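Keep the viewer open as you read.

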Amino acid sequence: MLQTIDYLEEILEQQHRAESEAAPDFYASELLEMLGYTREGLRMALDRAMQACAALRMPVTLNFRRIYCWQGGEMSEDWQLSRLAGYLLIVNSDPRNPAVAQAQWLLFKKSYSI
């Protein structure tokens, strides 16, 4: 019995470590503003980004966390995004939007800088 408890404690420690390492780097609402997206456009990009995350077998719930904020007397949905989630969101956004194309270009340049 004691061995089972030790094993459970180890699992909980690993989960806590993974959650702290995947702490959100920014919010989807911030990207919404930067990319000039509507809520519907952001939702489509979020869906594609989450599908990509799942296809990579990365924990979606640790990279995309739904939160609710109280702003101006209304409850609104937002998402806390890990660095990976932010990257996937930008690369899965509509490149016909000039701000998105610029963000994708900057990500490309950053990934190939020495």
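Of the 114 residues of the protein chain, what percentage count as buried? The answer is 30%. Please keep in mind that you are looking at a predicted model. The protein chain exposes about 8300 Å², and carbon and sulfur atoms supply 58% of that area.

You will pass six helices and three strands, arranged along the sequence in the pattern α-β-α-α-α-β-β-α-α.

Now to the helices. Two packed helices are described by the angle between their axes and the distance between the axes. With that in mind, find helix H3, residues 39-55, and helix H5, residues 83-91. The axes of H3 and H5 are 8 Å apart, and the two helices pack at an angle of about 120 degrees. H3 and H5 are therefore oblique to each other, and the crossing of H3 past H5 is right-handed. On the H3 side, the contact is made by Leu42, Ala45, Leu46, Ala49, Ala52 and Cys53, while H5 brings Leu84, Leu88 and Leu89. In this contact of H3 with H5, nine residues are nonpolar, and there are no polar and no charged ones.

H5 has another partner to look at, helix H6, which spans residues 98-111. Here the axes come within 9 Å and cross at roughly 125 degrees, which makes H5 oblique to H6. The crossing of H5 and H6 is left-handed. From H5, the residues Tyr87, Ile90 and Val91 meet Val100, Ala103, Gln104 and Leu107 of H6.

While you are in H6, pick out Gln102. Is Gln102 buried, exposed or partly exposed? With a relative accessible area of 43%, Gln102 is partly exposed. Leu35 lies 67 residues from Gln102 along the chain, yet their C-alpha atoms are separated by 9.1 Å.

From there, move to strand S3, residues 74-81, where you will find Asp78. Asp78 counts as buried because its relative accessibility is 6%, and the cut-off for buried is under 20%. What surrounds Asp78? Leaving aside neighbours within four places in sequence, Asp78 is in contact with Tyr27, Ala28, Ser29, Arg65, Arg66, Ile67 and Cys69.

One last stop is the loop between H3 and helix H4 (60-63), where Arg57 lies. Most residues other than glycine have a negative phi. Arg57, however, has a positive phi, near 60 degrees, and is a residue other than glycine. Is Arg57 buried or exposed? Arg57 counts as exposed, because its relative accessibility is 77% and the cut-off for exposed is over 50%.

Conventions:
Residues numbered from 1 in each chain as written. Predicted model: local features only at pLDDT ≥ 70, side-chain atom pairs only at ≥ 80, totals over all residues. Heavy atoms only, no water. Axes fitted to C-alpha atoms, helices over the stretch in contact; angles between N-to-C directions. Helix = DSSP H or I, 4+ residues; strand = E, 2+ residues; numbered from the N terminus. Parallel < 35°, antiparallel > 145°, perpendicular 65-115°, else oblique. Left-handed = near helix turned anticlockwise from the far one by under 90°. Contact = heavy atoms within 4.5 Å. Buried < 20%, exposed > 50% of the residue type's maximum accessible area, 1.4 Å probe, protein only. Areas by Shrake-Rupley, 256 points an atom, 1.4 Å probe, with all protein chains shown as cover. Nonpolar A, V, L, I, M, F, W, Y, C, P; charged D, E, K, R; others polar.
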